Amino acid sequence: MGDDRLVDPAGNGPGLWFQQVPEGMVVKNRLHLDLQISGGCDLPMATRRARVDAEVYRLVPGGAAVARVLEPERLDHCAVVMQDPEGNEFCVG
């Protein structure tokens, strides 16, 4: 993997990807986490979507909220943008 990601060496946990953004801090949080749990592009989109939906369902009772769903028709992956209880965004994809 690249030096912009953290992965569980045993392959059990989700990977973390550190995405750099060109904008300076205005209202956007400076750290945006992408929880990569879909299983990757080798799996059918329906399987990836089911995995993402299950993780979103698991996170909501803990205080996370769905901000928006990224439409897979325009992407090669599926993802849901969520917010933690303080309003910081992160993606489940």
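Reader: What does "partly exposed" mean here?

Author: Buried means under 20% relative accessible area, exposed means over 50%, and partly exposed lies in between. The model discussed here is a predicted one.

Reader: Where does Val7 fall, then, and where does it lie?

Author: Val7 has a relative accessible area of 46%, so it counts as partly exposed. It lies in the loop between β1 and β2.

Reader: And Trp17, in which strand is that one?

Author: Trp17 belongs to strand β2, which covers residues 15–17. With a relative accessible area of 23%, Trp17 is partly exposed.

Reader: Let me step back. How many helices and strands are there in the protein?

Author: The protein has one helix and six strands. Along the sequence they follow the pattern β-β-β-α-β-β-β.

Reader: In what order do the strands stand in the sheet?

Author: The order is β1-β2-β3-β6-β5-β4, in an open sheet with mixed pairing. At the edges stand β1 (5–6) and β4 (65–70); each has a single partner strand, so one side of each is left without a neighbour in the sheet.

Reader: Which part of the sheet does the helix touch?

Author: Helix α1, residues 45–59, packs on the sheet and touches β3 (33–36), β4, β5 and β6. Its direction makes about 15° with that of β5.

Reader: Back to the pairing. What holds strands of a sheet together in general?

Author: Strands of a sheet pair through backbone hydrogen bonds, and the pairing is either parallel or antiparallel.

Reader: Do β3 and β6 run parallel or antiparallel?

Author: β3 and β6 run parallel and are joined by three bridges. Within this pair, Leu35 stands opposite Val92 in β6.

Reader: And β2 with β3, parallel or antiparallel?

Author: β2 and β3 pair in the antiparallel sense, over two bridges. Here Gly15 stands opposite Gln36 in β3.

Reader: What about β4 and β5, how many bridges join them?

Author: Five bridges join these two strands, which run antiparallel. Val66 has Met82 in β5 as its bridge partner.

Reader: How does β5 pair with β6?

Author: Strand β5 (residues 79–83) pairs with strand β6 (residues 89–92) in the antiparallel sense over four bridges. One of the residues involved is Val80, whose bridge partner in β6 is Val92. The two strands form a hairpin with five residues between them, and Gly87 in the turn has a positive phi of about 95°.

Reader: Is β5 mostly enclosed or open, and why?

Author: β5 is largely enclosed by the rest of the structure, because four of its five residues are buried.

Reader: What does Val80 touch, leaving out its sequence neighbours?

Author: Not counting residues up to four places away in sequence, Val80 touches Arg49, Val52, Val56, Val66, Arg68, Val69, Phe90, Cys91 and Val92.

Reader: Which residues make up the largest nonpolar core?

Author: That core has 10 residues in all: Leu35, Val52, Val56, Leu59, Ala64, Cys78, Val80, Met82, Phe90 and Val92. The elements giving two or more residues to it are α1, β5 and β6. Of these, α1 gives the most, with three residues.

Reader: I see Cys78 in that list. How many disulfides does the structure hold?

Author: The structure holds zero disulfides. For Cys78, the nearest cysteine sulfur is that of Cys41, 9.3 Å away.

Reader: Are Cys78 and Cys91 buried or exposed?

Author: Cys78 has 1% relative accessibility and counts as buried. Cys91 is buried too, with a relative accessible area of 10%.

Reader: For the protein as a whole, what percentage of residues count as buried?

Author: Of its 93 residues, 25% count as buried. The accessible surface comes to about 6,500 Å², and 56% of that belongs to carbon and sulfur atoms.

Reader: One last point: what share of the contacts join residues at least 24 apart?

Author: Among contacts between residues at least 6 apart in sequence, the share is 34%.

Technical notes: Residues numbered from 1 in each chain as written. Predicted model: local features only at pLDDT ≥ 70, side-chain atom pairs only at ≥ 80, totals over all residues. Heavy atoms only, no water. Pairing = 2+ DSSP bridges. Contact = heavy atoms within 4.5 Å. Axes fitted to C-alpha atoms, helices over the stretch in contact; angles between N-to-C directions. Buried < 20%, exposed > 50% of the residue type's maximum accessible area, 1.4 Å probe, protein only. Areas by Shrake-Rupley, 256 points an atom, 1.4 Å probe, with all protein chains shown as cover. Core = buried A, V, L, I, M, F, W, Y, C linked by side-chain atoms within 4.5 Å. Disulfide = S-S within 2.5 Å.
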